[in-house]
Amino acid sequence: MTIALFSDSYLPTKSGIVTVVVQLQEQLKKMGHRVILVTVETTDEYETYDPDIYRVHSVALGLGTDQFVGIPAMHPLIHFLKDAGVQLIHCHTEFGIGKAGLRAAHVLKIPAICTTHTMWTDFYKYYLSFGKIISPKIINGIMKKYYGKFNSLIGVSTKARNYFKQPGMLPDMPSVIIPNAIDKEKFQKNHINEEQKLALRESYGIKPDEIMMIFVGRIGEEKRVFELLQVCQNVIRKNNKIKMVFVGNGPAYDDMLDKAAPKIATKQIIFTGFIEWTKVSEYYESADLFVTTSLSEMHSMTILEAQLSGLPIIVRRDESYFDSVFDGENGYLTDSEEEMEQRILELASDREKLKAFGKRSLEITKRFTIESHIKKTIKVYEEVMKAYPRRINDIEVMKEIEDY
């Protein structure tokens, strides 16, 4: 097959969507398929010529992000896709490039599907100057209009699919759940040994007998990072053997530094800033516990990365975590920040339980192999192409793909 992936996020930007797109691109190629990538222009220093990557004119999004917004010129894009013999378009964005994907599919008379990565009702209020006064119903209406034009949707979790299946959205839209996955060999290409772990910890002032908690991700309000910071400050006051490391950058980074200044001065709370993806695994492997208060995930890639690194997980209870965090097995689903504090203190004082939970996390990652993810995705492609121009209307087919 010749598949075109459409994404507003791509290297060198680091995000869960970028990881998904890069993995999909690489794995499909390995299986003999041709993959065209339609994405944004970023920096001249990064971009190298690749005949299968089509970059559209883009502008920096700003808003404290490293994202770009694509502004595609449709005529040359469609000409390029037609010459490449594209048979199916797979979008990973709701913005200009995603809309261009839908338009191109219509003109070329080929199917288009979309993976729903983002719960926009949790995000928009933080990134639109007037977002606080917009009703979630308006956002739902925009999402319904956009997603309703695809031949099928891929949801990365039950939470993702249930959002669109609710009354008033797209209950009749064909959809299938294909959880995110991690390419283990690529993510953990170079394991670090105990000596290297101790050296990394020591570089941040973390002693061998101290507990290193870690959060990896975007330092933005939608991740509820200020709530997490308060949890960490409360925990550290009760147990000074706990250190908290925030790995990443984002629009709330400077405000977080200001609020955490006293604990930063004593090296109890640490901010690393941006870390290259190839180095992030070293931080996971050096840590003892992964924590997040985010309630805006669809299916967190950082949770999977933490589990693959053998870490216990403590999160706020949210449907997006139900297939990866199991209460009392590999971590805790907590119903409040206060309960999260209690669970952190409990685990921090029990090295044996930390070890057992971490071992269980590693076992759970067997459910999220990249091989399974790719096989299911290809099966969706095949079924959508077989049914086109109609939509798949057989529930059993979609269930079969999920169990594939």
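A crossing is called right-handed if the near helix is turned clockwise from the far one by less than a right angle, and left-handed if anticlockwise. Please keep in mind throughout that this is a predicted model.

1. Let me start with the pair that needs that definition. Helix 16 (residues 370-387) passes helix 17 (residues 395-403) in a right-handed crossing. Their axes come within 9 Å and cross at roughly 160 degrees. Angles over 145 degrees count as roughly antiparallel, and helix 16 is therefore roughly antiparallel to helix 17. On the helix 16 side the contact is made by K376, K379, V380 and E383, and on the helix 17 side by V397, E400, I401 and E402. Sorted by class, the residues of this contact are three nonpolar, no polar and five charged.

2. Helix 9 (residues 225-238) packs on helix 14 (residues 337-348) at an angle of about 45 degrees, and the axes are 10 Å apart. The two helices are therefore oblique to each other. The crossing of helix 9 and helix 14 is right-handed. Helix 9 contributes E227, V231, N234, V235 and K238, which meet E337, M340, E341, I344 and L345 of helix 14. By class, this contact has five nonpolar, one polar and four charged residues.

3. Next comes R224, which sits in the loop between strand 10 and helix 9. Is R224 buried or exposed? Its relative accessibility is 15%, so R224 counts as buried. Leaving aside neighbours within four places in sequence, R224 is in contact with T293, S294, L295, R316 and E337.

4. Now to the aromatic rings, where the count comes to 13 pairs. In one of them, F215 and F246 have ring centres 6.0 Å apart and planes at 55 degrees, so the pair is tilted. This pair links distant parts of the chain, with F215 in strand 10 (residues 211-216) and F246 in strand 11 (residues 242-247), 31 residues apart. F215 is buried, with a relative accessible area of 3%, and F246 counts as buried at 0% relative accessibility.

5. F246 has a further ring partner in F271. The centres of these two rings lie 4.8 Å apart and their planes are at 5 degrees, so the pair is stacked. Here too distant parts of the chain are linked: F246 belongs to strand 11 and F271 to strand 12 (residues 269-273), 25 residues apart. F271 counts as buried, at 13% relative accessibility. Elsewhere, Y146, Y147, F150, Y163 and F164 form one aromatic cluster.

6. Please also inspect W277, which is placed in helix 12 (residues 277-286). W277 has 17% relative accessibility and counts as buried. Which residues does W277 touch, not counting those up to four places away in sequence? They are K14, T19, K186, F187 and E305. With K14, the separation along the chain is 263 residues, while the C-alpha atoms are separated by 7.0 Å.

7. Helix 12 as a whole is mostly covered, with seven of its ten residues buried. Besides W277, the buried residues of helix 12 are V280, S281, Y283, Y284, E285 and S286.

8. My last point concerns helix 13 (residues 301-308). Why can helix 13 be called largely enclosed by the rest of the structure? Eight of its eight residues are buried, so the description follows from that count. The buried residues are M301, T302, I303, L304, E305, A306, Q307 and L308. Among them, E305 is also touched by W277. Helix 13 is followed by G310, whose phi is positive, near 75 degrees.

Technical notes:
Residues are numbered from 1 along each chain as its sequence is written. This is a predicted model: local features need pLDDT of at least 70, side-chain atom pairs count only at pLDDT 80 or more; totals for chains, interfaces and linings use all residues. Side-chain values use heavy atoms; hydrogens and water are left out. Axes are lines fitted to C-alpha atoms, for helices over the stretch in contact, and angles run from 0 to 180 degrees between N-to-C directions. Helices (H or I, at least four residues) and strands (E, at least two) are DSSP runs, numbered from the N terminus. Angles under 35 degrees count as roughly parallel, over 145 as roughly antiparallel, 65 to 115 as roughly perpendicular and the rest as oblique. Contact means heavy atoms within 4.5 Å. Ala, Val, Leu, Ile, Met, Phe, Trp, Tyr, Cys and Pro count as nonpolar, Asp, Glu, Lys and Arg as charged, and the others, Gly among them, as polar. Buried means under 20% relative accessible area, exposed over 50%, partly exposed in between (1.4 Å probe, protein chains only). Rings of Phe, Tyr and Trp (its six-membered ring) pair if their centres lie within 6.5 Å; planes under 30 degrees apart count as stacked, over 60 as edge-to-face and the rest as tilted.
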